[in-house]
Amino acid sequence: MYRKKYFAKLNEPEMLDYGAYLNCDKLLKCQKPLDELCNADELQFQIVHQVEELWMKLMIYSLIDVLEYMQEENTHRIVTLMKRVHFLQRMMIEQLDVLETMSPKEYQQIRLQLGNGSGQESPGFRVLLKMPADLWKEFSQHYLEGRGKTVESIYDSGYDHDDSYVVAEALIEFDELLQKFRTNHLFLIHRSIGLGSKSLKGRPVDLLQSGARHRFFPELWDIRCAMTDSWGGEYGNVRDSITESKR
């Protein structure tokens, strides 16, 4: 009774200027009709994933601007836009928690509605996975090679927290958050259908683990290891105890 009462207003919304601007009449019909849902949780499953695709669309749009600002070496705009991208990534990670409110059985019922599809086919994520290569190319050309710098020099031997450093840190945070999204998604799969099960493609779901370990900017991660090894000689020397010297 209540569904019919309240959803009637959404199915045929009164189109004032706000709703017309946002195309709410079309937006609210992008989900299955209520009488075709396989269970009560399928609506939230569709909405969460549709919202994820919209966030990824905005991320891609923002990263295209970042690429163009890299060519101009406009560091302030790059950092501001990357901050936006990082916010979007964090929202995507947090939204996965909503899907954990489903029981495994409800998830299985919804999963049958996907045909042969799976999250690996996400159009937004497939585009995002291709963008780090161009981001690194532009960063290398304009913030490393074009300035006579290396990753080592901006982090260690020539460190002065300059433009090259702050852009590099924006990139590694993007990389880190992509990995966190994949890792959280992996735990969602673990909780809902199990890692030992077969995916809709007939492949073990635990193949997703290799993606969660991938690094898009390995040079930015490796410099941490190199610095620790380089500075490690100091750690290997026996030094006076801090506590003893204060007695």
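Q: Which residues line the largest cavity, and what makes a residue part of a lining?

A: The largest cavity is lined by Met59, Gln89, Met92, Phe125, Leu178 and Phe181. On a 1 Å grid over the protein atoms alone, a cavity is a set of points where a 1.4 Å probe fits but cannot get out, and lining residues have an atom within 4 Å of a point. Helix H5 (75-99) and helix H10 (163-192) are the elements that give two or more residues to this lining. Helices here are DSSP runs of H or I with at least four residues, numbered from the N terminus.

A: A quick note on the model: it is predicted, so local features need pLDDT of at least 70 and side-chain atom pairs count only at pLDDT 80 or more, while totals for chains, interfaces and linings use all residues. Residues are numbered from 1 along each chain as its sequence is written, and side-chain values use heavy atoms, with hydrogens and water left out.

Q: How many residues of each class line the largest cavity?

A: Its lining has five nonpolar, one polar and no charged residues. Ala, Val, Leu, Ile, Met, Phe, Trp, Tyr, Cys and Pro count as nonpolar, Asp, Glu, Lys and Arg as charged, and the others, Gly among them, as polar.

Q: What is the volume of the second largest pocket, and what makes a space a pocket?

A: The volume is about 410 Å³, meaning the space filled by probe spheres set on grid points that are joined across faces, edges and corners. A pocket is an open set with protein on both sides within 12 Å along at least five of seven lines. Of the 16 residues that line this one, the closest to its centre are Leu27, Leu28, Lys29, Cys30 and Gln31. H4 gives the most to the lining, with five residues. By class, the lining of the second largest pocket has eleven nonpolar, three polar and two charged residues.

Q: What makes the pair of Phe45 and Tyr107 edge-to-face?

A: Rings of Phe, Tyr and Trp (its six-membered ring) pair if their centres lie within 6.5 Å, and planes over 60 degrees apart count as edge-to-face. Phe45 and Tyr107 are 5.8 Å centre to centre with 85° between the planes, so the pair is edge-to-face. Phe45 lies in helix H4 and Tyr107 in helix H6 (residues 104-111), so the pair ties together parts that are 62 residues apart in sequence.

Note on methods:
Phe/Tyr/Trp six-rings, centres within 6.5 Å; stacked < 30°, edge-to-face > 60°.
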